[in-house]
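Colleague: Please take a close look at a single part of this model for me, and go through it slowly enough that I can follow along in the viewer.

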Amino acid sequence: MSSDFNEEKKEGFDAALSDSELRPSRWEDYIGQESIKNNLDILLRAATERGTHPEHILFYGPPGLGKTTLAHLIAKTSGRQMKITSGPAIEKVGDLASILTNLSPGDILFIDEIHRLNKTIEEVLYPAMESGMLDIIIGKGPSARTIQLELPPFTLLAATTRVAMISSPLRSRFSGGVYRLEFYSDEEIQKIVNRSAKILGMKTDGSAEREISKRARSTPRTANYFLKRARDYAQVHKKELNEEVVIEALKMLGIDNEGLSPSDRKILEVMAEKFNGGPVGLGTIAAALSEEEATIEEFNEPYLIQKGFIERTPRGRCLTQKAYEHLGIAVPKNLQDRLL
Ligand code: ADP
């Protein structure tokens, strides 16, 4: 049952598939997210004028919306070296200590998936972020002692897809701000696809970009992935890359006209068929699909909610009328009462 979910993650609907060739390296190419860009501009200019490193910043939002790209752009703008790691890669306090003590003054440290840091490590990070001190306990039992190391000044940039899992003490230490990335409009996605097509040397008539933007989950990474798959399809079938080819290529990937993937549709179907449209808890949906709750919450649900297929109510998730219509299933009579 869960093969669609795994397949989609592996295939790059959310995995970082050769992102680097299409990753913007100039602010002009970073489309959308205007409010975040304006805030970062002030923050970076102020830090430069004061001659200090930028303050710590947290980015959050669904995968593929441009968090890592922002970190790269900040490093480039501020002319600083960036070391990259991730929450799951930091297994022990010693791992974090070694990363922090190896930073040069003014470096940027980027921690992706910071919600996956364990609590003990998180507590070591607090004083490091706040006062540039690293407290390490050496030894065990009565002979244990704490040593304090002074760290070089640094900026922590962090990204997460699950901001609710970030404890409030950690969140409050991002003194440069906590920024939520928004889904992109179709026009913005179209601009991104246009640029990617140019970089990849692809000839299109404009209709391909339009069609991709309608179905790309409002997500740049997905749009770039679809563009590459449509290119492959056009190449193999010796066709021009246009709207028609995009529709055919995406059909092969199981993407429908609303941009829903097979795993999205399975969620909606299971909610309609097994739970009568809800309200139903996320854990229950995940169990019914033999899927991990986190995958559904991080990867599928934000887009389904944004598109208006699912609503979150205090009693659980509910299907909307639009979802029933999309699935071609009769809308239950008392649907509106449930959504209240
Ligand atoms: P995240 O870290 O949020 O998962 P990334 O920053 O890795 O997402 O973005 C994935 C890819 O999507 C990038 O390599 C880039 O090609 C594209 N991308 C993301 N945001 C933008 C943007 N605002 N403008 C242009 N391309 C973008």
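Modeller: A cavity, in the sense used here, is a set of grid points where a 1.4 Å probe fits but cannot get out, and a residue counts as lining it when one of its atoms is within 4 Å of such a point. The bounds of a domain come from an automatic or database domain assignment. Please keep in mind throughout that this is a predicted model.

For this protein, the domain assignment gives domain 1 (33-180), domain 2 (186-252) and domain 3 (262-339). The centres of domain 2 and domain 3, taken over C-alpha atoms, are separated by 29 Å. The largest cavity lies between these two domains, because domain 2 and domain 3 both give residues to its lining.

The volume of this largest cavity is about 80 Å³. It is lined by eleven residues, and those closest to its centre are Pro62, Pro63, Arg217, Thr219 and Phe299. By class, its lining divides into seven nonpolar, two polar and two charged residues. Helix α13 provides the largest share of that lining, with four residues, and α13 is therefore the element I would follow from here, since it also gives the most to the lining of the second largest pocket, with six residues.

That second largest pocket holds about 540 Å³ of space. Domain 1 and domain 3 both give residues to the lining of this pocket, so the pocket lies between them. Its lining has 20 residues, and Pro62, Thr161, Glu297, Pro302 and Arg312 are the ones that lie nearest its centre. In the lining of the pocket there are ten nonpolar, three polar and seven charged residues.

Let us now turn to the packing of α13 itself. Helix α11 (residues 262-273) and helix α13 (residues 293-306) pack with their axes 10 Å apart and at an angle of about 80°, which means that α11 is roughly perpendicular to α13. On the α11 side the contact is made by Ser263, Asp264, Ile267 and Leu268, and on the α13 side by Ile296, Phe299, Asn300 and Leu304. Sorted by class, this contact has five nonpolar residues, two polar ones and one charged one.

The lining of the second largest cavity has seven nonpolar, no polar and two charged residues.

Conventions: Residues numbered from 1 in each chain as written. Predicted model: local features only at pLDDT ≥ 70, side-chain atom pairs only at ≥ 80, totals over all residues. Heavy atoms only, no water. Axes fitted to C-alpha atoms, helices over the stretch in contact; angles between N-to-C directions. Helix = DSSP H or I, 4+ residues; strand = E, 2+ residues; numbered from the N terminus. Parallel < 35°, antiparallel > 145°, perpendicular 65-115°, else oblique. Contact = heavy atoms within 4.5 Å. Nonpolar A, V, L, I, M, F, W, Y, C, P; charged D, E, K, R; others polar. 1 Å grid on protein atoms, 1.4 Å probe; cavity = no way out; pocket = protein on both sides within 12 Å on 5 of 7 lines; lining within 4 Å. Points joined across faces, edges and corners; volume = space filled by probe spheres on them.
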